[in-house]
Amino acid sequence: MENQNSNFIRDIMIKDLESGKRDTIVTRFPPEPNGYLHIGHAKSIILNFGLADEFNGKTNLRFDDTNPAKEDVEFVNFIKEDVKWLGFEWDNLFFASDYFDEMYNRAVLLIKKGLAYVDDLSADEIREYRGTLTEPGKNSPYRNRTIEENLELFERMRAGEFADGEKVLRAKIDMASPNINLRDPVIYRIAHVTHHNTGDKWCIYPMYAFAHPLEDAIEGITHSICTIEFEDQRPFYNWVVEQCEMKHQPQQIEFGRLNLTNTVMSKRKLKQLVEEGYVDGWDDPRMPTISGMRRRGFTPESIRNFVRETAVSKNNATVDFEMLEHFVREDLKLKAPRTMGIINPLKVVITNYPEGQIELLDAEINPENPEMGVRKIPFSREIYIEQEDFMENPPKKYFRLFPGNEVRLKHAYFIKCEEIVKDADGNVVELRCTYDPQTKSGTGFTGRKVKGTIHWVEATHAVPAEFRLYEPLILSESEEDDEGTFLDHVNPNSLQIFHGYVEPNMKESRPHDKFQFFRHGYFNVDPKDTTVDKLVFNRIVSLKSSFKL
């Protein structure tokens, strides 16, 4: 698979430096503060920051805050946090709103050059006049206003004399162009909305497609890296830079978007999931947002390694979510302490173990990383095991606990099921077992073998815990499947909650601590719902997968 160590964007930068076309590399990551970043943005972050770092260049973090009606300081703060968490530091922090005066002046310049005009058509009329992919557009009846009239009207727009939607400023290019983006695009609209950064200074705001090339040029960006849907807008990008007579000439380069199976990346869809209560906010661990993945327990290293392994090409790509899970397993297998947790508990009483006795057993913290040492775990007459580790009438080749069968308790002894205790409804609520003291783990006992090993937690010192297990949020493979009805594919079983127990040494766990629970997978201490009195664990990934690179 093609990875970031070989991609066409790097090749362009190398040629530009070697030819003398550029003497440095300056990139930018330009999010709109109207939602949280997702894994697709992570690819853009890693490309922009990573390539600039490779060539000893610079990367700006710039918020494209040109639409105050949909923007919020909350999104600004979380985007900053996400970029830092992924491991990157920006050289400069800018906002599009820092340049509103300059953008206004450049719009006035276009009017004076006869390349922009104030239009009174409504949004629907502009859409109708624009034409189609096969039919040219037609000129607005206001297209031939004089330069003086346009200057006066634009100034009155700025002064707040008109209502929202009453007038717009449009670039004057070519209504017959085969590229619809060049059919006199709107570059300024009226919006009587308080801006989070400029307050009420402005009631007209530049459109993103007009503002973005100006921002890049003002900051001296050399390579404006963006996703492939902006390819058709590149002629307008270049037109704005040229006709606004900008000193610096950035080069726009498009790459294919990163999509994941069984999820959605559209901000509109993610917002809908949040607002309609399908998930618990933008940072819900089922969401593909960076905040959601951080809360679930994905590490920045795993996301960086995953992105660097995906293709950097002109084609949009949908990558199997299991590939991302593979990289977090690879990252955590040497880092995460091993422990035991019982998700769905069944009590076991070891009848021949001394009452009141507590024995401390040795258990390796991480067998793949011996330097992490050992931990002490208590063992006594009463323990919890998983309900799924016992069957009263098991099928063939079931090697766990059933009446008369013997299994190994991980790090402890062999036990044998002697008796079943049921409640009034016939449910198994307790097992009575015996243990063989000669079979203690680590003693080298070879008298006999058992085929099954199960995990457990000592009952009297066990710490109650909540376990949250996740399945794919969306049941359709591709975001494009059933575009209009994606909510029909929301998985009603994407979250399952269990209440069980963990080892007593887990009591001191803190938010974002990560562990591998024997047989269950890798888990992260939830940073939002965990309290001093309540431990909540999010399963990051299960232990095994059939996925292979």
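A: Glutamate 125 sits in helix H5, residues 123-130. Its relative accessible area is 34%, so glutamate 125 is partly exposed. Serine 140 is 15 residues away from glutamate 125 in sequence. In space, the two C-alpha atoms are 9.1 Å apart. This model is predicted, and that applies to every value here.

Now the sheet itself. Four strands form an open sheet in the order E4-E5-E6-E7. The pairing is antiparallel. Which strands stand at the edges? They are E4, residues 116-119, and E7, residues 204-206. Each has a single partner strand, so one side of each is left without a neighbour in the sheet. From one strand to the next, the twist averages 20 degrees.

Take the pair E5 and E6 next. Strand E5 covers residues 168-171, and strand E6 covers residues 186-190. Three bridges join them in the antiparallel sense. Within this pairing, arginine 170 stands opposite valine 186 of E6.

The loop between E5 and E6 holds aspartate 184. Its backbone deserves a check. Phi of aspartate 184 is near 50 degrees, a positive value in a residue other than glycine. Is aspartate 184 buried or exposed? Its relative accessibility is 2%, under the 20% cut-off, so aspartate 184 counts as buried.

A helix covers the sheet. Helix H6, residues 147-159, lies across E4, E5, E6 and E7. Relative to E4, H6 runs at about 60 degrees.

Glutamate 245 is found in the loop between helix H8, residues 234-243, and strand E9, residues 251-255. Phi of glutamate 245 is near 60 degrees, again a positive value in a residue other than glycine. The surroundings are another matter. Glutamate 245 has 49% relative accessibility and therefore counts as partly exposed. Aspartate 184, by contrast, counts as buried.

Next, a helix pair elsewhere in the chain. Two packed helices are described by the angle between their axes and the distance between the axes. Helix H1 spans residues 8-19, and helix H2 spans residues 39-54. Their axes come within 11 Å and cross at roughly 35 degrees. The crossing of H1 past H2 is right-handed. Which residues make the contact? H1 supplies Ile9, Arg10 and Met13, while H2 supplies Leu47, Leu51 and Glu54. By class, the residues of this contact are four nonpolar, no polar and two charged.

Finally, the whole protein. How many helices and strands does the secondary structure come to? The count is twelve helices and 27 strands. The radius of gyration is 31 Å, well over the 24 Å that the globule rule gives for 549 residues. The protein is therefore more spread out than a compact globule. Along the principal axes, the C-alpha trace spans about 100 × 55 × 40 Å. Buried residues make up 53% of the 549 residues.

Key
Residues numbered from 1 in each chain as written. Predicted model: local features only at pLDDT ≥ 70, side-chain atom pairs only at ≥ 80, totals over all residues. Heavy atoms only, no water. Pairing = 2+ DSSP bridges. Helix = DSSP H or I, 4+ residues; strand = E, 2+ residues; numbered from the N terminus. Axes fitted to C-alpha atoms, helices over the stretch in contact; angles between N-to-C directions. Contact = heavy atoms within 4.5 Å. Left-handed = near helix turned anticlockwise from the far one by under 90°. Nonpolar A, V, L, I, M, F, W, Y, C, P; charged D, E, K, R; others polar. Rg over C-alpha atoms; globule rule 2.2 N^0.38 Å. Buried < 20%, exposed > 50% of the residue type's maximum accessible area, 1.4 Å probe, protein only.
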